[in-house]
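Dear colleague,

Please find below the structure that I am handing over to you.

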Amino acid sequence: MQKRKKYAAASVVLALGLLAPAVSPTAAGAEDRDVVKLRILETTDVHMNLVNYDYFKDSPTNEFGLSKTARLIEQARAEQPNTLLFDNGDLIQGTPLGDYVAKVKPLQDGEVHPAVKLLHLLKYDAATVGNHEFNYGLDFLNEVYDDAKLPIVNANVYRDDHDQNPDNDVNYFTPYQILEKEVVDEDGEKHTLKIGVIGFVPPQIMDWDKANLQGKVIAKDIVQSAQKYIPKMKAEGADLIVVLSHSGIETGGNSPNMENASYYLTQIPGVDAVLTGHQHKKFPALPGTTPDFPDGNGINNETGTINGVPVTMPGSWGDTLGVIDLTVEQVDGKWKVTQAKAQLRPVYDKATKTPLVDSDPAVEQAIQAEHEATIQYVRSPVGKTTSPINSYFALIKDDPSVQIVTNAQKWYVEKMLKGTKYEGLPVLSAGAPFKAGGRGGASYYTDIPAGEIAIKNVADLYLYPNTVYALKITGAELKEWLEWSAGQFNQIDPNKTDVQPLINNDFPTYNFDIIDGVTYEIDVTEPAKYDKNQNVINPNASRIKNLKFEGKPVTPNMEFIVATNNYRATTNRIINPGGKNTILAAPDENRQVIIDYIRENGTINPSADGNWRFAPVKGKAPVTVTFESSPEAQKYLPQDGSIRYVTALPSGFAQYEFALPLWKEEKPNPPKQPEKPTTPPGQVKKVYWDGVELKKGQIGRLTVQKPINLWKRTKDGRLVFVRILQPGEVYRVYGYDARFGGQYAVGGGYYVTDIDTHIRYETPSKEKLKQANGW
């Protein structure tokens, strides 16, 4: 075959009429170089979004899905035949489809998991595991991948042999694989490249999935593991090395067992490309968007490189494909990367709201049976709700999407603690808004209308297969927990007249714990005490004000039980270091607890009880703050005008604003003069209504028709959930409060919501009221 490109330099010399010198060994080597164009494709954090279907909304979507990414893969391969395709983990968990094949109709031996079917169909060359691969336990993970016809690599998870000797530890997975890839060079000649591929996962899996992994495996430092294995891969003949790093990008310094270590993998000699994920962000930035990882410190969004090494992080849910193009030349018998560029290709244009590719029918057909079974599963009803449940304003006020979770957890833990030594302690409940926009985008919110609740709605309320935990903590620990949670907010300057952004977008919303059962205020004019990683950054800061239990201040030595989940209990070293405060590690999933809670009660009223709010700001004028939410949030704007829609944003979000409450100095009211009795003592006789005594001050009675919440009014005017009233219970009514949707006062500071489908309200005759009250 004629070597046109290899002799290009000599041809130029002759064409210019120049005298060509004698060919030296160096010059001959330069002319004889073989040049290969190699393309590497990445998917990551698909989270079982295998087709373009939103199971939570029960409708197709144009914005994500591996069936859409498949089209981009097809296009990229058509452009460059020398292509490798890798998946970077967090593949088998994240939607009801993942739960269906893991829990509802568990995968059996010999059955191929739908995600693995697609790895085969789309001809992936290798894959690694992400942290969520461990959520269903090792037995299920093994069952998923025992049918895989491609390498599943990971180099930092080992079997726990319990001998405390790290030198003889055995890898749980194949640590790396050297793939032999036949490629065609620029002159049409075939070559075989040896591509080494290695994988890593955050060591924090040992905390996040402690119940599944403790005593079975151990996870080691990512960078140290790479430094151990990459020289071995080179010694075994790897021409190029591709790292599948299910770990994010941080540049604050390489620390032991760091979660997001991908930046430091680019500094290891021998690494030619790093495929990242885990953070659900994007690198390099898509054209026209603000970079998730700004240029500087070796980061270059234009070339898609970090420290000169090409890197991709293609979002999540199959919304983007990572593409790395390498120019590889053979120099002195060795292959070397001489040029590299990385880019991302999205399936959807958010700015114009336009789909960029269609869904691949071959992908849809491959998993059609599992997909359709999942749809039927998520449509199964579990109960009803009397009011809408949405998370549009979950970051700025107490929210129904969190309230139903905390109610269900409290209900469950109180049952589990009956008959134990903890039975007498008050049970609080912690929950966070899982779907509150952020990195999930403008459609990433819960929105359940009043009426029937189905499995899909519960899965939408609680995304993860966590299990219920209970912690015994002190009042001091409770306050520190809330101080960390309050890192969700930026510090607000009360003296500024300009509008200020309220939400700290670096703080994940799933860490914004609301703790029900106590009341408190958050003072956002104070700095945050902790950063998102639970490190103290302002030791003297105190954002949590007026922390009270049953209207009385919480003291440091008070004791509480807090219902939460395994993730929070095992990762929050502020309030549960080493698991010292865990008193209950239940086998039941939080999601199943919510389903059982709704089923037992039939109909629920998840209205938020308003147990937290922003502390009043000391200033001369109202302080206005902004936040982002979905444009759909407009239909739930409060009637009092406290939250105002501002404008639509290019990101697809909308901007809203509201004014923080102003602090007002209240003068104490003068003591009231005792009222003179209108009727002398002993003159009022007992009055009976339908055989039951009519008490003084009583105006009527209510009879519970369907299960409904009983609330306790605190001294500061808020409602705190007490318990569920059951049909047939009858209560005297002493007054009516039009706030909070209308509340009947049933004595002792307790209230029942005015819902005519759930209670029957009756009044006695005026004559009986006159007699009972001594009018």
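**Helix contacts, a sheet and a cavity**

In helix α4, Pro-96, Leu-97, Tyr-100, Val-101 and Val-104 meet Glu-370, His-371, Ala-373, Thr-374, Tyr-377 and Val-378 of helix α12. Sorted by class, the residues of this contact between α4 and α12 are 8 nonpolar, 2 polar and 1 charged. Please note that the model is a predicted one.

The two helices of this contact span residues 96–104 (α4) and residues 368–378 (α12); their axes lie 9 Å apart, and the packing angle is about 90°. Because an angle from 65 to 115 degrees counts as roughly perpendicular, α4 is roughly perpendicular to α12.

On the α13 side, the residues in contact are Ile-404, Val-405, Asn-407, Ala-408, Gln-409, Trp-411, Tyr-412 and Lys-415. Their counterparts in α17 are Asn-590, Val-593, Ile-594, Asp-596, Tyr-597, Ile-598 and Glu-600. The contact of α13 with α17 comprises 9 nonpolar, 3 polar and 3 charged residues.

Turning to the strands, there is an open sheet of 3 strands in the order β25-β21-β34, and its pairing is mixed. Strands β25 (451–454) and β34 (603–604) form the edges, each pairing on one side only. Strand β21 (residues 381–385) runs parallel to β34, and 2 bridges join the two. Thr-385 has Ile-604 in β34 as its bridge partner.

How many cavities of 30 Å³ or more does a search of the whole structure find? The search returns 1. The largest cavity holds about 40 Å³ of space. Its lining consists of Ser-391, Ser-401, Val-402, Ala-432, Pro-433, Phe-434, Lys-435, Thr-446, Asp-460 and Leu-461. Helix α13 contributes at least two residues to the lining of the largest cavity, as does α14 (455–461). Divided by class, this lining has 5 nonpolar, 3 polar and 2 charged residues.

With kind regards

Definitions and conventions
Residues are numbered from 1 along each chain as its sequence is written. This is a predicted model: local features need pLDDT of at least 70, side-chain atom pairs count only at pLDDT 80 or more; totals for chains, interfaces and linings use all residues. Side-chain values use heavy atoms; hydrogens and water are left out. Two strands pair if DSSP finds at least two bridges between them. Helices (H or I, at least four residues) and strands (E, at least two) are DSSP runs, numbered from the N terminus. Contact means heavy atoms within 4.5 Å. Ala, Val, Leu, Ile, Met, Phe, Trp, Tyr, Cys and Pro count as nonpolar, Asp, Glu, Lys and Arg as charged, and the others, Gly among them, as polar. On a 1 Å grid over the protein atoms alone, a cavity is a set of points where a 1.4 Å probe fits but cannot get out, and a pocket is an open set with protein on both sides within 12 Å along at least five of seven lines; lining residues have an atom within 4 Å of a point. Grid points are joined across faces, edges and corners, and a volume is the space filled by probe spheres set on the points. Axes are lines fitted to C-alpha atoms, for helices over the stretch in contact, and angles run from 0 to 180 degrees between N-to-C directions. Angles under 35 degrees count as roughly parallel, over 145 as roughly antiparallel, 65 to 115 as roughly perpendicular and the rest as oblique.
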